Amino acid sequence: MNQTEPSAEKQIASIVASAAKQPLLDAAFELWRWRYRLDSIEGRPTAEEVRVNRTLTPEQFSAKYRYERDHAHEGPMFDYLKRAHPHASDDAIRQAIITAVKFEGAAEAHFNWDGDFWDCIVRAVAQAAAQYPDFLDTTYRDARNNLAYYMK
């Protein structure tokens with residue numbers, strides 16, 4: 001059986017459609033969680049960007065990573081979220097992306113591997129949730145799973 005993968009447009013449309021079912025803030029977090037997959041589908045990073053990234057020192061790469069997070073609301077994430085919530089104002093979309101990125105960063109910052117791994121994940125996301133209480137419970141669940149994936 002020879003199955004073909006859906007086109008890039010269909011894959012992106014599917015991710016955006018899933019996010020569209022959620023409130024703006026939660027949609028921003030969902031799309032942010034999928035950023036690496038979305039980048040891959042869209043052909044980012046390019047071969048040239050990969051070549052340049054490989055030449056960066058750890059400090060330079062860290063600065064680049066921070067810059068990308070700090071300016072996520074100015075990049076492709078804005079367009080994805082605008083597609084998911086076309087009636088939201090541009091300012092609301094930017095703020096939702098900024099909040100989603102900061103929430104993820106807070107969960108990562110609160111992670112401290114001191115005891116059972118899953119308990120540490122739950123504790124870190126709970127601490128981040130106290131700072132960012134406006135997400136749905138399903139988003140906090142997704143944040144726990146996301147954090148566990150990256151901290152394993």
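I looked up Phe 135 and found it buried, with a relative accessible area of 6%, where buried means under 20%, exposed over 50% and partly exposed in between, with a 1.4 Å probe and protein chains only. I note that this is a predicted model, in which local features need pLDDT of at least 70 and side-chain atom pairs count only at pLDDT 80 or more, while totals for chains, interfaces and linings use all residues. Residues are numbered from 1 along each chain as its sequence is written, and side-chain values use heavy atoms, with hydrogens and water left out.

**Rings**

I counted 11 aromatic pairs, taking rings of Phe, Tyr and Trp (its six-membered ring) as paired if their centres lie within 6.5 Å, with planes under 30 degrees apart stacked, over 60 edge-to-face and the rest tilted.

**Thr 139**

I placed Thr 139 in helix 9 (residues 137-151), helices being DSSP runs of H or I with at least four residues, numbered from the N terminus. Thr 139 is buried, with a relative accessible area of 2%. Leaving aside residues up to four places away in sequence, Thr 139 touches Gln 22, Asp 26 and Phe 29, contact meaning heavy atoms within 4.5 Å.

**Helix 1 against helix 6**

I looked up how helix 1 (residues 8-20) meets helix 6 (residues 76-84): the axes come within 8 Å and cross at roughly 60 degrees, where axes are lines fitted to C-alpha atoms over the stretch in contact and angles run from 0 to 180 degrees between N-to-C directions. The two helices are therefore oblique to each other, since angles under 35 degrees count as roughly parallel, over 145 as roughly antiparallel, 65 to 115 as roughly perpendicular and the rest as oblique. Ile 12, Ala 13, Val 16, Ala 19 and Ala 20 of helix 1 make the contact with Tyr 80, Arg 83 and Ala 84 of helix 6.

**Helix 1 against helix 2**

The axes of helix 1 and helix 2 (residues 24-33) come within 8 Å and cross at roughly 150 degrees, which makes helix 1 roughly antiparallel to helix 2. In this contact I listed Ile 15, Val 16, Ser 18 and Ala 19 from helix 1, meeting Ala 27, Glu 30 and Leu 31 in helix 2.
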